[in-house]
Every structure is written in structure tokens, then in C-alpha cells.
Amino acid sequence: MSLGFDVEHKGPYSVVRVEGEPSLGQFLSFIHLIGVETTGWPTRRVLFDLRGIRTLTTFTEHFAIGEEVARQLGHLHRIASLVAADRITRASEKTARRSGINLTVFTDEGAAVAWLTE
């Protein structure tokens, strides 16, 4: 799998920085894994920095990601997804929110952190 990630806990929120060229199936598996991991974290607010992902650009892929986030990350209170401006579709956000997940997509890290910590 061409996917790497680092986790940093920053007091009121955690940051997961993700890089690589995963297939959709690999990324969905990552969401499942991180869902298990986050149950033991000290916070329920997470920033996923996805600017290092070089695949997964289609609306359909983003929709599937939103569905998996809804299935695996429902225990989190706030999820900020940070993406490059040219990759934003809001499909994952809309899909996750329809299932009751508090996910917002951002292109600015400062805005994402401000929303997570408000």
C-alpha cells in the first residue's frame, strides 16, 4: 500500500497527516484502521490532513470515503478534512453529514484548527 500517516496529539485535538497514492480500497481500509485507533485517543476532535494524497480525485471516490467515515468514525465529535483547493468536491462532507457525522472539509489549516477548537 502506498500510504503513510503520522499522528500528533495537540491537546484539544489530534492531527493525522496522510500521504501517498492509495487505491480507493486501500484508503477505505485505512479509515477502518484509524477508526479503531481513535477509540483510544485522548480527544474526539481530529484533523485529517489529506493534502499529501495524490490519488482519489473523483466525486464517486469522495462519496465512498464519506460513507466509510460515517461507518467508522461516528464516535468522534468533530472531524476536519484538510484538502488541496483543486481537489475539493464536498462529496465526502455531504455524505458523512447525512449520516450525522460532524465533518467539514477545509482548504486552510488555520480555519480547520479554529473550527475544531471552538
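Hi everyone. When I say two parts pack against each other today, I mean contact, that is, heavy atoms within 4.5 Å. Please also keep in mind that this is a predicted model.

Let's start with helix H4, residues 109-117. Which residues of H4 are buried? They are Ala112, Trp115 and Leu116. These residues cover an arc of only 100° around the axis, so they sit on the same side of H4. And what do they pack against? The buried residues of H4 meet strands E2, E3, E4 (78-82) and E5 (103-106), along with helix H3 (91-98).

Now over to helix H1, which runs through residues 24-38. H1 has 15 residues and reaches 21 Å from its first C-alpha to its last, close to the 21 Å expected at 1.5 Å a residue. Its buried residues are Phe27, Phe30, Ile31, Ile34, Gly35 and Thr38. Looking down the axis of H1, you would find them within an arc of 140°, so they line one face of the helix. The partners of the buried residues in H1 are strand E1 (3-10), strand E2 (13-20), strand E3 (45-53) and helix H2 (59-72).

One more residue of H1 deserves a moment: Leu33.

Conventions: Residues numbered from 1 in each chain as written. Predicted model: local features only at pLDDT ≥ 70, side-chain atom pairs only at ≥ 80, totals over all residues. Heavy atoms only, no water. Helix = DSSP H or I, 4+ residues; strand = E, 2+ residues; numbered from the N terminus. Expected span 1.5 Å × (residues − 1). Buried < 20%, exposed > 50% of the residue type's maximum accessible area, 1.4 Å probe, protein only. Arc of directions from axis to C-beta.
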